[in-house]
Amino acid sequence: MSVETTSTIVEPIVKAIDCKHFIDGQFVDSVDGKTFNNVNPVTEEVYGTVAEGSAADIDLAVQAAKRALQGPWGKMSTQERSNIIRKIGDILLERQEEIAQLESLDTGKHLKFSRHVDAPRAPKNFHFFADYMISVGTEAYQDETNGALNYGYRRPIGVVGLIQPWNLPLFLLTWKLAPALAAGNTVVIKPSELTPMTATVLMEIIKEAGVPDGVVNMVHGFGPGAGSAINKHPDIAGIGFIGQVSTGARIMQEAAPTLKKLSFELGGKNPNIIFADVDIDEVVAGTIKSSFTNQGEVCVSGTRIYVERPIFDEFVEKFAAKTRELKVGNPFDMANDQGALVAKVHYDKVMSYLKIAEEEGGTFVTGGGRPEGLDKGYYVQPTIITGLGDDSRLVREEIFGPVVVVLPFDTEEEVIAAANDTRMGLSNTIWTNDIRRAHRVAQAVESGLSYINCWFLRDLRTPFGGTKDSGLGRVGGVHSWEFYTELTNICVKL
Ligand code: NAD
């Protein structure tokens with residue numbers, strides 16, 4: 001008699017790929033032949049090689065992108081370009097499962113998340129901007145005093161550099177690439193050195209969709225090499241960057257002599273403010289998401305959780321109980337909820353914060369280290385810490401892992417002051433059933449994004465970005481359009 005077992009493990013349909021640069025429509029090696037290793041975050045073994053770009057490779061990519069500006073891309077009608085951009089989205093949709101698996105393989109994130117967020121969001125970005133570009137108008141003013149008509153004429157800004165992070169690799173790359181292409185620019189992409197795979201597959205798709213050679217170029221490599229060469233290249237007109245605050249400062253410094261346009265989406269230390277009038281179970285469910293989604297590797301994660309004192313104990317108890325239910329392990333096992341962190345360097349960083357919390361006398365309500373039984377892989381337990389002061393580094397610095405701090409507060413004024421006591425200002429979440437207070441607090445907290453009774457809902461037409469050190473400019477709908485187009489006012493005497 002045979003015993004039937006139902007495995008919860010998804011058998012991958014993809015394998016790790018070696019990644020080359022993509023310049024002028026061809027996959028190529030580095031000029032100097034250099035490569036580096038790609039390491040599997042689950043097995044900690046090398047599973048591929050990646051071409052390591054330098055200034056010479058970036059220059060080849062920029063020259064191809066410059067030529068392509070003068071080629072068919074620059075002469076196409078808006079409708080023709082929109083059709084090609086839509087086609088990229090269509091192919092990505094057809095290859096969704098493959099993309100989701102490759103993203104989980106490269107980042108260590110759970111397949112549930114890459115299926116639900118990374119893979120569907122990439123085609124959506126192309127479809128959204130394919131529609132947007134054919135429906136957007138321009139401003140016009142009739143000057144009756146002088147008998148003139150003024151109207152805005154938009155042209156591409158030229159060759160754009162797109163420098164990308166590892167946490168949502170394809171989702172965030174396409175978020176920049178789609179509007180840049182829609183506006184008629186040509187691009188040089190540098191994916192994160194930690195997650196080069198889905199960007200490489202995207203280059204195949206771009207070619208298949210009919211994007212002319214040279215319009216989209218990609219050079220792999222590290223920040224100080226390929227990244228820095230983008231910052232300094234005189235023929236790159238603008239940089240769309242997503243990453244850490246400190247890297248943004250570096251890019252700004254290196255780009256200053258060539259006065260590039262800059263669009264920055266940077267890090268956050270986002271407050272999650274919970275007032276006592278809420279339904280605690282609903283807020284616990286929302287806070288589990290805002291704390292541990294994607295292993296906490298989300299820029300808008302709510303990592304400083306302020307809870308009004310009358311419900312502090314009950315909230316912590318219920319939040320901890322739900323957190324203990326989260327299963328960490330193999331990202332391809334559907335019985336798990338959380339995968340591995342992206343790389344050793346990041347794992348060590350997150351672990352170092354756990355050590356600091358211990359030294360500062362914090363209480364680990366859940367987690368605090370590696371899950372038991374997982375000897376390999378960059379896994380960290382979902383961790384809730386209480387008992388830390390406002391000056392703790394865990395309350396002030398972005399950890400970017402599954403680690404949150406919960407702090408009590410007594411008054412609205414006190415929590416607003418605490419929320420604003422930071423140089424970062426990406427997002428906040430406010431949980432309350434008092435409608436006036438919700439709006440009052442949302443307007444008082446200094447962030448680019450405020451979620452009331454929800455978290456991370458995204459409408460691509462709305463402005464997205466950070467205040468203070470968390471970013472420069474906004475993206476989404478007209479805001480992306482503003483960045484990726486150059487505006488000329490044409491004044492006609494009637
Ligand atoms: P990172 O800044 O370390 O790296 C991002 C990219 O910049 C990589 O491609 C890297 O190689 C490159 N780079 C590094 N040094 C460079 C230099 N001197 N010149 C040019 N390029 C350079 O960021 P990361 O660790 O990959 O990503 C995580 C960070 O991104 C977190 O801070 C997170 O909050 C932030 N993020 C922000 C948003 C947002 O929308 N605001 C979204 C996702 C991630």
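Guide: A polar contact is a pair of N or O atoms within 3.5 Å. In this predicted model, local features need pLDDT of at least 70 and side-chain atom pairs 80 or more, while totals for chains, interfaces and linings use all residues. Residues are numbered from 1 along each chain as its sequence is written, and side-chain values use heavy atoms, leaving out hydrogens and water.

Visitor: Which polar side-chain atom lies 2.6 Å from an oxygen atom of the ligand?

Guide: One belonging to Thr247. Lys190 also brings a polar side-chain atom, 2.9 Å from a ligand oxygen, whereas Gly223 uses a polar backbone atom, at 3.4 Å.

Visitor: How much of the ligand does the protein bury?

Guide: 92% of the 850 Å² that the ligand exposes when taken alone (Shrake-Rupley, 1.4 Å probe).

Visitor: Which residues around the ligand come nearest?

Guide: Of 29 (heavy atom within 4 Å), they're Gln164, Glu193, Thr247, Leu266 and Glu398. The shell splits into 13 nonpolar, 11 polar (Gly included) and 5 charged residues.

Visitor: Which element supplies the largest share of that shell?

Guide: Helix 8, with 4 residues. Helix 8 (223–232), strand 10 (238–242) and helix 9 (245–255) each give at least two (DSSP runs, helices at least four residues, strands at least two).

Visitor: Which domains does the shell draw on?

Guide: At least three residues come from each of domain 1 (21–266 + 470–493) and domain 2 (270–459), with bounds from an automatic or database assignment.

Definitions and conventions:
Polar contact = N/O pair within 3.5 Å; in protein donor to acceptor, adjacent residues only side chain to side chain.
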